[in-house]
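Trainee: I would like to learn how to read a protein model, one feature at a time. Could you take me through this one?

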Amino acid sequence: MINNISSFGKFLDQPLLIAKLNKSMPKILFSLGGLYLAKNSYDLFEKAKKSNQDEKNNLKKEFLKKTIVLISAISSALLAPKIASKLTKRLPLEALEKIKEKNEKLISDFLNSSSLDLKNVEILKKAKTNVLSLSEVKYLFSSLKTAKGKEFLKKLIPDPENIKAKDIFQEIGYLSIYGAVPVIGGILGGVGADAYNKENLKEKVPDKINEGLYQYLANIFMCNIGAGCALGVLEKLNITSKTARALGMTSGIILTGVLGGSKIANFITKNFIGPLINPKIKKEDIKERKPELLDLGLHTDDIATVSLLSGLKWIEPSLPLLYTISGYRAGMGYRN
């Protein structure tokens, strides 16, 4: 019998499930963004009751800025996989309709050439156009034990493939570009909002660039590098165990991203970006960004890094959710 962990992994790896989540992501992101803005609008409305006219005007500007930055971060996060795929020549996730067409032919051919019990037939007919439940996936893998059945199931729900050493840097490049696009989008949205609100851009823009650099290096890029380097070492040692690879990449992420990314980002800001933006500013006057709880929470996207570099695809559609937060914080110029 297939165990619960294996069946759950197969349930998550269903191409239809991944494609449906990917197709639904715009609705999910804009719905969550709408809820956030609604809550923010209510809070600002309560503040406005106790404010004078100047303060009310500032609150309106603040809400407008948050709206523009959030829309910009969400939109760029949704565009990010297309841009990253084009630049790295990596195939994007398959479209839902294409997967349905494949399933229709694959399952019809298998049903016509096999003698199956009624329950298997019903499950496979459903699998043509719908995501199967965990129990249905478990039943299929428990009952189709013949060589022909196993070969069919591998085509219906393909096994994850360990990425080879030669593909590591393409995958890291894809993830790094993917993460950079929402950060840049958030910054551009923030600059546009400040310009519309007639803010002092000389004061506002540096914080956005520095925060964007922090978000990208500490929460995205350095983690990808750490995972990729660890994976390269494991490849050299001929270690193919998915558990060992996951643990090794997680260790690389902790060393380079969680522990080192913040220091590297602050060092670059103080010594290069800050002086470049404002040559008159002193290093000691540049605010140092300190890690906080939400930053640690953003490292949940490293689960995606480990998963993708391990050959798993089910987490990829959720990346826009995670990268939108980094883009939004960059656009707001948040610096503790």
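Mentor: Let us begin with a single side chain: Phe8 is partly exposed, because its relative accessible area is 42%, where buried means under 20%, exposed over 50% and partly exposed in between, with a 1.4 Å probe and protein chains only. Please keep in mind that this is a predicted model, in which local features need pLDDT of at least 70, side-chain atom pairs count only at pLDDT 80 or more, and totals for chains, interfaces and linings use all residues. Residues are numbered from 1 along each chain as its sequence is written, and side-chain values use heavy atoms, leaving out hydrogens and water.

Trainee: What average pLDDT does the chain have?

Mentor: pLDDT is the predictor's confidence in each residue, from 0 to 100; here the chain averages 85, and 85% of the residues score at least 70.

Trainee: How is a pair of aromatic rings described?

Mentor: Such a pair is described by the distance of the centres and the angle of the planes. Rings of Phe, Tyr and Trp (its six-membered ring) pair if their centres lie within 6.5 Å, and planes under 30 degrees apart count as stacked, over 60 as edge-to-face and the rest as tilted. This structure holds 6 aromatic pairs. The ring centres of Phe8 and Phe11 are 6.2 Å apart and their planes lie at 25 degrees, so this pair is stacked. By contrast, Tyr174 and Tyr178 form an edge-to-face pair, with 5.6 Å centre to centre and 85 degrees between the planes.

Trainee: Where in the chain do Tyr174 and Tyr178 lie?

Mentor: In an α-helix there are 3.6 residues a turn, so residues three or four places apart point the same way. Tyr174 and Tyr178 both lie in helix H8 (residues 165-196), 4 residues apart, about one turn of the helix; helices here are DSSP runs of H or I with at least four residues, numbered from the N terminus. Both tyrosines, Tyr174 and Tyr178, are buried, and together with Tyr323 they form one aromatic cluster.

Trainee: Which residues of H14 are buried?

Mentor: Tyr323 is one of them, and Leu319, Leu322 and Arg329 are also among them. Since 11 of the 14 residues of H14 are buried, the helix is largely enclosed by the rest of the structure. Helix H14 (residues 319-332) reaches 20 Å from its first C-alpha to its last, close to the 20 Å expected at 1.5 Å a residue, the expected span being 1.5 Å times one less than the number of residues. Just after H14, Gly333 takes a positive phi of about 70 degrees.

Terms used:
Helices (H or I, at least four residues) and strands (E, at least two) are DSSP runs, numbered from the N terminus.
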